[in-house]
Amino acid sequence: MFPAPAGWAGGALSAMDQSKKTMRHFYCRDVLWETFEQMANDFDCSIDYLINEAMRYYARSKNYQSAASPQSASANASAGYGASMSAGGAPPPLAPPAQARRSAPPPPPMGGPAMPQPVHARRPPAPASRPPSAAAAYREPMASTPTLYLIYNGQRYSISKDQFIIGRGSKTSDLAIKDGNISRKHAAVIRRNGTYYIKDLGSTNGIDYKGMRIDNKRIDEGDVFHLCDYELRFTYRGD
């Protein structure tokens, strides 16, 4: 029996690590984020799952593969092992990417005329930018955002911030709940384009809405959420 080459184990390991996730930070358009929140609510899944799926499908549509599947990794490892044995133990060279395999046009013969440039390589000059018209420059003023009130433990809180934090930490929270079952930053009420949402901030015990654990939801009139044993009631009525 011949020992398997080191590249084989590495290929299998990379295939096993496809499900590994790492926290990333990126800027996202508000309208896209609202779409993902609505989709997550409709399909009963998390936003990070939707974003991962969207990125995976986009990469596949552009013929990019971030990592080989377990079957292809195993097949490639076996093929590479057999080729290295037939060549005397040297591992086969890795195939260049598809973009690198495109052959360049042959050089012109010595003393001959230069080859013409391909037609597709000639790009027309970019058109000069036009100033925006008066209709495009005009934007209707946004409707005023209604005031949201949070009723907790018999007290009424007016939410006037874009992000209202609820958690155990008194210095990091706008509403502090002193309970070990509440995470330091448990949830947030987020205002986006005049609409309020409640969002779980990766807490341990989560947010319950009508007996179900949720990641985020648009806040409607009279909505009641539970953080462990604590009731949070929301209303847009000032009285």
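Colleague: Against which elements do the buried residues of α3 pack?

Modeller: In this predicted model, the buried residues of α3 pack against α2 (30-43), β6 and β9 (216-218).

Colleague: Which residues of α3 are buried, and what makes them lie on the same side of α3?

Modeller: The buried residues in α3 are I47, L50 and I51. They cover an arc of only 95° around the axis, and therefore they are on the same side of α3. An α-helix has 3.6 residues a turn, so residues three or four places apart point the same way.

Colleague: How does the span of α3 compare with the 21 Å expected at 1.5 Å a residue?

Modeller: Helix α3 (residues 47-61) has 15 residues, and the distance from its first C-alpha to its last is 21 Å, close to the expected value. Just after α3, N63 has a positive phi of about 60°.

Colleague: Why is E37 called buried?

Modeller: The relative accessible area of E37 is 2%, and the term buried applies under 20%; E37 is therefore buried. This residue is found in helix α2. Leaving out residues up to four places away in sequence, E37 touches I47, R192, Y197 and N216. I47 is itself one of the buried residues of α3.

Colleague: What makes D30 partly exposed?

Modeller: D30, also in helix α2, has a relative accessibility of 41%. Buried requires a value under 20% and exposed a value over 50%, so D30 falls in between and counts as partly exposed.

Colleague: Which residues are in contact with D30, leaving aside its neighbours within four places in sequence?

Modeller: D30 is in contact with R192 and N193. D30 and R192 are 162 residues apart in sequence, while their C-alpha atoms are 7.5 Å apart in space. R192 is also among the residues touched by E37.

Colleague: Why is the pair of Y196 and Y236 called tilted?

Modeller: The ring centres of Y196 and Y236 are 6.3 Å apart, and rings pair if their centres lie within 6.5 Å. The planes stand at 50°, whereas stacked requires under 30 degrees and edge-to-face over 60; the pair is therefore tilted. A search of the whole structure finds four aromatic pairs.

Colleague: Which parts of the chain does the pair of Y196 and Y236 link?

Modeller: The pair links distant parts of the chain: Y196 belongs to strand β6 (residues 195-200), and Y236 to the segment after β11 (230-235), 40 residues apart.

Colleague: How do you know whether Y196 and Y236 are buried or partly exposed?

Modeller: Y196 has 1% relative accessibility, under the 20% limit, so Y196 counts as buried. Y236 has 25%, which lies between 20% and 50%, so Y236 counts as partly exposed.

Colleague: Which residues form an aromatic cluster?

Modeller: Y209, F225 and F234 form one aromatic cluster.

Colleague: How do you know that the charged end of R56 sits over the ring of Y57?

Modeller: The charged end of R56 is 4.8 Å from the centre of the Y57 ring. The distance limit is 6 Å, and the charge must also lie within 35 degrees of the ring normal. R156 lies over the face of Y149, at 4.5 Å from the ring centre.

Colleague: How many helices and strands does the chain have, and what percentage of its residues count as buried?

Modeller: The chain has five helices and 11 strands, and 23% of its 239 residues count as buried.

How values were computed: Residues numbered from 1 in each chain as written. Predicted model: local features only at pLDDT ≥ 70, side-chain atom pairs only at ≥ 80, totals over all residues. Heavy atoms only, no water. Helix = DSSP H or I, 4+ residues; strand = E, 2+ residues; numbered from the N terminus. Buried < 20%, exposed > 50% of the residue type's maximum accessible area, 1.4 Å probe, protein only. Phe/Tyr/Trp six-rings, centres within 6.5 Å; stacked < 30°, edge-to-face > 60°. Expected span 1.5 Å × (residues − 1). Arc of directions from axis to C-beta. Contact = heavy atoms within 4.5 Å.
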